[in-house]
Amino acid sequence: MSTALLEVQDLCKGFPVREGILLRARAYNQAVDHVSITVEAGETLGLVGESGCGKSTLARCIAKLYQPDSGQIIFEGQNILKLNRRQTLAYRRSVQMIFQDPMESLNSRHSVEEILTEPFIIHNIGNHKTRREEVRKLLDIVGLPASACSHYPFEFSGGQRQRIGIARALSLKPKLIVCDEAVSALDVSIQSQILNLLLDLQREFNLSYLFIAHDLAVVKHISDRVAVMYLGQIVESAKSDEIYRNPLHPYTQSLIDSIPVPDPSHKRSGEILRGEVPSAINPPDGCRFHTRCPMVFDRCSHQSPPMHNRDNHSAACHLLENPNR
Ligand code: SF4
């Protein structure tokens with residue numbers, strides 16, 4: 001039996017694409033397609049891939065904001081898709097989310113004090129006095145002064161607003177935080193401050209993170225393990241050091257090669273990723289990456305590659321079966 005804090009098994013989630021006056025479903029967007037991942041207690045799993053690859057849909061399924069079509073989400077040994085109301089409330093305390101745009105996720109008409117008090121009210125925790133104390137403690141933890149309480153989200157910088165978002169996520173003492181592009185909208189110097197804050201909080205509170213980003217450089221800084229997602233599917237996963245040292249899937253190799261290097265004499269080892277991610281409404285047959293893959297060969301366009309696993313490093317590519325083709 002698995003000892004993982006979170007185990008996602010064979011998860012699928014799609015959305016009907018509706019058109020016309022009667023809004024009939026004309027097609028189906030399979031955003032998450034048979035995805036399996038695990039997150040251990042105290043660990044950070046980085047989930048990386050381009051926009052539109054299904055990362056955020058997966059995050060929202062885990063946070064119980066979307067109901068998956070099939071598969072399982074096991075948290076601390078319990079299938080969260082079968083929880084009753086009381087168990088769901090307890091789950092929502094244990095799993096929190098930090099969103100990309102705190103301006104959208106924080107209610108702009110509420111003061112910071114109201115925003116940070118709300119989770120205690122919803123979950124009926126403490127009284128007026130203890131909630132006031134907790135809010136000030138949370139602000140101190142994320143490096144904001146108590147005077148922030150009387151201010152509104154628009155009065156803060158992007159980095160400060162994200163600190164408020166982190167304080168809110170911490171309020172119910174969660175075990176897992178899903179960070180959905182949590183630093184993507186921030187300047188590089190502010191990004192590293194927020195990443196360092198997340199690392200400090202992880203050490204202090206033994207938190208686990210599912211850290212989602214489209215930028216492999218950001219994920220590298222914080223992750224113990226990395227999973228790479230393409231068009232609704234996981235195509236590679238391994239320990240963080242291993243995946244950067246020895247990427248097996250051509251998509252991961254392209255992503256790593258596109259990380260900017262501050263050295264004008266640096267020569268890229270591989271090809272730059274070209275073109276757009278195809279639509280998940282009508283994904284390519286065979287290997288989904290074959291329309292953009294620099295290593296594509298005959299079999300790739302009609303046969304889907306199985307996942308190959310060696311020493312906890314998995315990748316789905318035909319080349320791993322027969323490197324000489
Ligand atoms: Fe490229 Fe073929 Fe491997 Fe897919 S299976 S990543 S198209 S080489």
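Where is T117 found? Select T117 and you land in helix 4; helices here are DSSP runs of H or I with at least four residues, strands are E runs of at least two, and both are numbered from the N terminus. Before moving on, keep in mind that this is a predicted model, where local features need pLDDT of at least 70, side-chain atom pairs count only at pLDDT 80 or more, and totals for chains, interfaces and linings use all residues. Residues are numbered from 1 along each chain as its sequence is written, and side-chain values use heavy atoms, with hydrogens and water left out.

**Stop 1: T117**

T117 counts as buried because its relative accessibility is 13%. (Buried means under 20% relative accessible area, exposed over 50%, partly exposed in between, with a 1.4 Å probe and protein chains only.) Show its contacts, meaning heavy atoms within 4.5 Å: leaving out residues up to four places away in sequence, T117 touches R131 and V135.

**Stop 2: the second largest pocket**

Select L65, R92, V95, Q96 and M97, the closest to the pocket's centre of the 17 residues that line it. The volume is about 460 Å³, and the lining has 11 nonpolar, three polar and three charged residues. For the classes, Ala, Val, Leu, Ile, Met, Phe, Trp, Tyr, Cys and Pro are nonpolar, Asp, Glu, Lys and Arg are charged, and the others, Gly among them, are polar.

A pocket is an open set of points on a 1 Å grid over the protein atoms alone, with protein on both sides within 12 Å along at least five of seven lines; a cavity is a set where a 1.4 Å probe fits but cannot get out, and lining residues have an atom within 4 Å of a point.

**Stop 3: I98 in strand 6**

Stay in strand 6 and pick I98. I98 counts as buried because its relative accessibility is 2%. Beyond four places in sequence, its contacts include Q162, I166, C179 and L198.

**Stop 4: the core and F211**

Now select I166 and F211, the residues with the most contacts inside the largest nonpolar core, which has 57 residues. Such a core is a set of buried Ala, Val, Leu, Ile, Met, Phe, Trp, Tyr and Cys residues joined through side-chain atoms within 4.5 Å. Around F211, leaving out residues up to four places away in sequence, you'll find contacts including T44, L45, C179 and L198.

**Stop 5: T44**

T44 counts as buried because its relative accessibility is 0%. Its side chain makes a polar contact with the side chain of Q202 at 2.9 Å.

**Stop 6**

Next comes the largest pocket, with a volume of about 730 Å³. Select S36, I234, S237, M307 and S314, the closest to its centre among 33 lining residues.

Finish with P250, C287, C293, C300 and C317, which lie nearest the centre of the largest cavity, lined by 15 residues. Its volume is about 110 Å³, and its lining has 12 nonpolar, three polar and no charged residues.

Notes: A polar contact is a pair of N or O atoms within 3.5 Å; within protein, one must be able to donate a hydrogen and the other to accept it, and residues adjacent in sequence count only if both atoms are side-chain atoms. Grid points are joined across faces, edges and corners, and a volume is the space filled by probe spheres set on the points.
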